[in-house]
Amino acid sequence: MTMDKANLLSSDAGGGLTAHRGHARRTPQERPLVFASTASRSSRPGEPAPERDVRLRPASAPAFGKHEDMNTTYEIRAIEPEVLDQLRDRDDAGNPPRLLVDEEGGSPLRCCLRPIRPGEKVALVSYAPLRRWAAATDAEPGPYDEVGPVFIHPQPCQGPEKKGFPNALAGPRRVLRAYAPDGRILGGRLVEPDPSGQTRPAETTLTELFTDPQVALVHIRAVEFGCFLFEARRPG
Ligand SMILES: [Zn+2]
(Lines give C-alpha, C1' and ligand atoms only; values in the text may rest on other atoms or scores of the structure.)
Protein backbone atom coordinates (compact mmCIF):
# COMPACT_ATOMS: atom_id res chain seq x y z
CA MET A 1 0.00 0.00 0.00
CA THR A 2 1.36 3.39 -0.90
CA MET A 3 1.33 6.44 1.31
CA ASP A 4 -1.34 7.98 -0.89
CA LYS A 5 -3.63 5.02 -0.56
CA ALA A 6 -2.94 4.83 3.12
CA ASN A 7 -4.04 8.38 3.60
CA LEU A 8 -7.31 8.28 1.75
CA LEU A 9 -8.75 8.23 5.24
CA SER A 10 -8.58 11.21 7.47
CA SER A 11 -10.37 12.62 10.45
CA ASP A 12 -13.28 14.98 9.99
CA ALA A 13 -14.38 17.64 12.44
CA GLY A 14 -16.41 15.14 14.41
CA GLY A 15 -13.49 12.83 14.85
CA GLY A 16 -14.84 10.09 12.60
CA LEU A 17 -13.23 8.66 9.53
CA THR A 18 -14.39 9.71 6.11
CA ALA A 19 -13.19 8.63 2.70
CA HIS A 20 -11.37 11.15 0.59
CA ARG A 21 -11.68 11.33 -3.15
CA GLY A 22 -8.11 11.31 -4.23
CA HIS A 23 -6.20 14.34 -3.07
CA ALA A 24 -8.91 16.91 -3.69
CA ARG A 25 -10.04 17.47 -0.13
CA ARG A 26 -7.57 18.89 2.30
CA THR A 27 -8.00 19.91 5.87
CA PRO A 28 -6.24 23.02 7.18
CA GLN A 29 -3.67 20.77 8.83
CA GLU A 30 -2.68 19.37 5.44
CA ARG A 31 -1.73 22.67 3.89
CA PRO A 32 1.95 23.29 3.45
CA LEU A 33 3.56 24.93 6.44
CA VAL A 34 5.80 27.91 5.88
CA PHE A 35 7.57 29.19 8.93
CA ALA A 36 10.66 30.85 7.57
CA SER A 37 11.23 34.40 8.78
CA THR A 38 7.90 34.69 10.57
CA ALA A 39 9.13 36.38 13.73
CA SER A 40 7.05 39.51 13.13
CA ARG A 41 4.25 37.89 11.18
CA SER A 42 0.82 37.92 12.74
CA SER A 43 -1.61 35.11 12.02
CA ARG A 44 -3.84 35.61 9.02
CA PRO A 45 -7.55 34.83 8.86
CA GLY A 46 -8.13 31.18 8.16
CA GLU A 47 -4.87 29.97 9.58
CA PRO A 48 -5.26 27.08 11.99
CA ALA A 49 -3.14 28.54 14.73
CA PRO A 50 -0.88 31.43 15.57
CA GLU A 51 2.64 30.41 14.77
CA ARG A 52 6.10 31.73 15.23
CA ASP A 53 9.42 30.84 13.89
CA VAL A 54 11.43 28.50 16.05
CA ARG A 55 14.75 30.23 16.40
CA LEU A 56 17.71 28.12 15.59
CA ARG A 57 21.14 28.12 17.06
CA PRO A 58 23.02 25.80 14.74
CA ALA A 59 26.34 26.75 16.27
CA SER A 60 25.34 25.05 19.52
CA ALA A 61 23.74 22.04 17.89
CA PRO A 62 25.57 18.74 18.18
CA ALA A 63 27.39 17.59 15.08
CA PHE A 64 25.46 15.44 12.67
CA GLY A 65 25.22 11.83 13.73
CA LYS A 66 26.95 12.41 17.02
CA HIS A 67 24.13 10.99 19.13
CA GLU A 68 22.43 8.62 16.76
CA ASP A 69 21.53 6.02 19.36
CA MET A 70 22.05 7.87 22.63
CA ASN A 71 20.79 11.34 21.99
CA THR A 72 20.80 13.50 25.11
CA THR A 73 18.80 16.29 23.49
CA TYR A 74 15.71 14.34 22.57
CA GLU A 75 14.36 10.83 22.52
CA ILE A 76 12.32 9.30 19.71
CA ARG A 77 8.99 7.88 20.81
CA ALA A 78 6.82 5.39 18.97
CA ILE A 79 3.27 4.87 20.24
CA GLU A 80 3.52 3.29 23.70
CA PRO A 81 2.57 -0.42 24.05
CA GLU A 82 -0.23 0.31 26.53
CA VAL A 83 -1.67 2.96 24.22
CA LEU A 84 -1.43 0.52 21.31
CA ASP A 85 -3.48 -1.96 23.32
CA GLN A 86 -6.15 0.67 23.85
CA LEU A 87 -6.18 1.63 20.17
CA ARG A 88 -6.58 -2.02 19.16
CA ASP A 89 -9.81 -2.09 21.13
CA ARG A 90 -11.13 1.42 20.47
CA ASP A 91 -9.22 4.18 18.72
CA ASP A 92 -8.97 7.87 19.60
CA ALA A 93 -12.03 8.63 17.46
CA GLY A 94 -14.03 6.03 19.37
CA ASN A 95 -14.06 3.48 16.57
CA PRO A 96 -12.85 -0.14 16.40
CA PRO A 97 -9.71 -0.64 14.29
CA ARG A 98 -9.94 -1.45 10.60
CA LEU A 99 -8.00 -4.65 9.96
CA LEU A 100 -6.44 -5.34 6.60
CA VAL A 101 -3.64 -7.11 4.80
CA ASP A 102 -1.37 -4.66 3.01
CA GLU A 103 -0.29 -6.47 -0.13
CA GLU A 104 2.04 -3.70 -1.29
CA GLY A 105 3.51 -2.48 1.97
CA GLY A 106 5.58 0.66 2.36
CA SER A 107 3.44 2.80 4.65
CA PRO A 108 4.91 3.62 8.07
CA LEU A 109 4.05 1.55 11.10
CA ARG A 110 3.77 3.85 14.12
CA CYS A 111 4.34 1.03 16.58
CA CYS A 112 7.61 -0.34 15.14
CA LEU A 113 8.75 2.77 13.21
CA ARG A 114 9.44 0.92 9.98
CA PRO A 115 7.60 0.50 6.67
CA ILE A 116 4.91 -2.17 6.37
CA ARG A 117 6.24 -5.28 4.67
CA PRO A 118 4.26 -6.57 1.66
CA GLY A 119 1.52 -8.92 2.81
CA GLU A 120 1.70 -7.82 6.42
CA LYS A 121 -1.45 -7.65 8.55
CA VAL A 122 -2.06 -4.17 9.92
CA ALA A 123 -4.71 -2.14 11.71
CA LEU A 124 -5.75 1.35 10.65
CA VAL A 125 -6.78 3.47 13.64
CA SER A 126 -7.29 7.11 14.57
CA TYR A 127 -4.66 8.48 16.91
CA ALA A 128 -4.47 11.78 18.82
CA PRO A 129 -0.74 12.24 19.48
CA LEU A 130 -0.97 15.59 21.25
CA ARG A 131 -3.85 14.44 23.46
CA ARG A 132 -1.94 11.30 24.40
CA TRP A 133 1.19 13.30 25.20
CA ALA A 134 -0.82 15.81 27.24
CA ALA A 135 -2.37 13.02 29.30
CA ALA A 136 1.10 12.25 30.66
CA THR A 137 2.09 15.88 31.25
CA ASP A 138 0.53 19.11 32.48
CA ALA A 139 -0.12 20.25 28.94
CA GLU A 140 -3.53 21.41 27.79
CA PRO A 141 -3.37 21.47 24.01
CA GLY A 142 -7.04 22.43 23.69
CA PRO A 143 -7.71 23.52 20.11
CA TYR A 144 -4.32 22.20 18.98
CA ASP A 145 -5.52 18.67 19.59
CA GLU A 146 -6.09 16.68 16.41
CA VAL A 147 -6.81 13.12 15.40
CA GLY A 148 -5.41 11.35 12.36
CA PRO A 149 -5.10 7.91 10.78
CA VAL A 150 -2.12 5.69 11.57
CA PHE A 151 -1.13 2.11 10.83
CA ILE A 152 -0.18 -0.16 13.70
CA HIS A 153 0.25 -3.89 14.15
CA PRO A 154 -3.07 -5.50 15.10
CA GLN A 155 -1.38 -7.63 17.78
CA PRO A 156 1.25 -6.79 20.42
CA CYS A 157 4.59 -6.29 18.67
CA GLN A 158 8.23 -5.76 19.53
CA GLY A 159 8.35 -2.01 18.80
CA PRO A 160 11.29 -0.22 17.16
CA GLU A 161 14.39 -2.32 16.62
CA LYS A 162 16.67 0.37 17.96
CA LYS A 163 16.56 3.70 19.73
CA GLY A 164 17.31 6.90 17.91
CA PHE A 165 16.03 8.42 14.71
CA PRO A 166 14.30 5.81 12.53
CA ASN A 167 16.05 6.35 9.24
CA ALA A 168 13.60 4.09 7.42
CA LEU A 169 10.96 6.78 8.02
CA ALA A 170 13.21 9.80 7.46
CA GLY A 171 12.11 10.74 3.99
CA PRO A 172 11.40 11.77 1.36
CA ARG A 173 10.00 15.06 2.72
CA ARG A 174 8.93 15.77 6.25
CA VAL A 175 7.35 18.48 8.36
CA LEU A 176 8.62 18.87 11.90
CA ARG A 177 6.18 20.65 14.23
CA ALA A 178 7.43 21.97 17.55
CA TYR A 179 5.25 22.32 20.66
CA ALA A 180 5.70 24.13 23.96
CA PRO A 181 5.33 22.38 27.35
CA ASP A 182 1.74 23.65 27.62
CA GLY A 183 0.78 22.15 24.27
CA ARG A 184 0.87 25.28 22.11
CA ILE A 185 2.39 24.89 18.69
CA LEU A 186 5.54 26.97 18.37
CA GLY A 187 6.36 26.52 14.71
CA GLY A 188 7.70 24.05 12.28
CA ARG A 189 10.19 23.20 9.61
CA LEU A 190 9.80 21.71 6.17
CA VAL A 191 12.63 19.24 5.53
CA GLU A 192 13.79 18.23 2.06
CA PRO A 193 15.93 15.13 1.58
CA ASP A 194 19.61 15.48 0.77
CA PRO A 195 19.92 14.42 -2.91
CA SER A 196 23.45 13.17 -2.25
CA GLY A 197 22.32 10.98 0.62
CA GLN A 198 25.34 12.13 2.57
CA THR A 199 23.39 13.85 5.36
CA ARG A 200 20.11 13.29 7.18
CA PRO A 201 18.33 16.65 7.10
CA ALA A 202 15.34 15.53 9.19
CA GLU A 203 17.57 14.32 12.00
CA THR A 204 19.73 17.43 11.86
CA THR A 205 16.68 19.71 11.88
CA LEU A 206 15.24 17.86 14.84
CA THR A 207 18.40 18.50 16.82
CA GLU A 208 18.27 22.16 15.83
CA LEU A 209 14.66 22.54 16.97
CA PHE A 210 15.54 21.26 20.43
CA THR A 211 18.16 23.96 20.86
CA ASP A 212 15.19 26.23 21.63
CA PRO A 213 14.53 25.68 25.35
CA GLN A 214 10.83 26.33 24.82
CA VAL A 215 10.50 23.22 22.65
CA ALA A 216 9.22 20.26 24.65
CA LEU A 217 7.88 18.08 21.87
CA VAL A 218 8.30 17.71 18.11
CA HIS A 219 6.00 15.82 15.77
CA ILE A 220 7.53 14.33 12.65
CA ARG A 221 4.88 14.22 9.94
CA ALA A 222 4.42 13.38 6.29
CA VAL A 223 4.13 16.46 4.11
CA GLU A 224 1.28 15.93 1.67
CA PHE A 225 -1.32 14.80 4.20
CA GLY A 226 0.22 15.95 7.44
CA CYS A 227 -0.04 12.47 8.92
CA PHE A 228 1.70 11.91 12.24
CA LEU A 229 4.67 9.53 11.98
CA PHE A 230 6.41 9.69 15.34
CA GLU A 231 7.43 12.18 18.01
CA ALA A 232 10.51 13.37 19.83
CA ARG A 233 10.52 14.57 23.44
CA ARG A 234 13.12 15.88 25.79
CA PRO A 235 14.53 13.00 27.82
CA GLY A 236 13.13 12.38 31.27
ZN1 LIG B 1 4.50 -2.97 15.53
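A nonpolar core is taken here as a set of buried Ala, Val, Leu, Ile, Met, Phe, Trp, Tyr and Cys residues joined through C-beta atoms within 7 Å. In this predicted model, the largest such core holds 49 residues, and Tyr127, Ile152, Leu176, Leu206 and Val218 have the most contacts inside it. Strand β7, spanning residues 120–127, is the element that gives the most to this core, contributing 5 residues.

The wider setting is worth a brief look. The protein has 4 helices and 12 strands, and 37% of its 236 residues count as buried. Of the contacts between residues at least 6 apart in sequence, 68% join residues at least 24 apart.

The buried positions are Ala202, Glu203, Thr205, Leu206, Thr207, Glu208 and Leu209, and they pack against strands β9 (174–179), β10 (185–191), β11 (217–222) and β12 (228–233). Val218 ties into this picture: beyond its neighbours within four places in sequence, its contacts are Leu176, Arg177, Ala178, Leu206, Leu209, Glu231 and Ala232.

Arg114, found in strand β6 (residues 114–115), makes a friendly contrast to explore. With 15 C-beta neighbours inside 10 Å, Arg114 counts as partly exposed. Leaving out residues up to four places away in sequence, Arg114 touches Leu109, Pro166 and Ala168. Arg114 and Glu161 lie 47 residues apart in sequence, with a C-alpha to C-alpha separation of 8.9 Å in space.

Note on methods
Residues are numbered from 1 along each chain as its sequence is written. This is a predicted model: local features need pLDDT of at least 70, side-chain atom pairs count only at pLDDT 80 or more; totals for chains, interfaces and linings use all residues. Helices (H or I, at least four residues) and strands (E, at least two) are DSSP runs, numbered from the N terminus. A residue is buried if 20 or more other C-beta atoms lie within 10 Å of its own, exposed if 12 or fewer, and partly exposed in between; C-beta atoms are placed from the backbone. Two residues are in contact if their C-beta atoms, placed from the backbone, lie within 7 Å.
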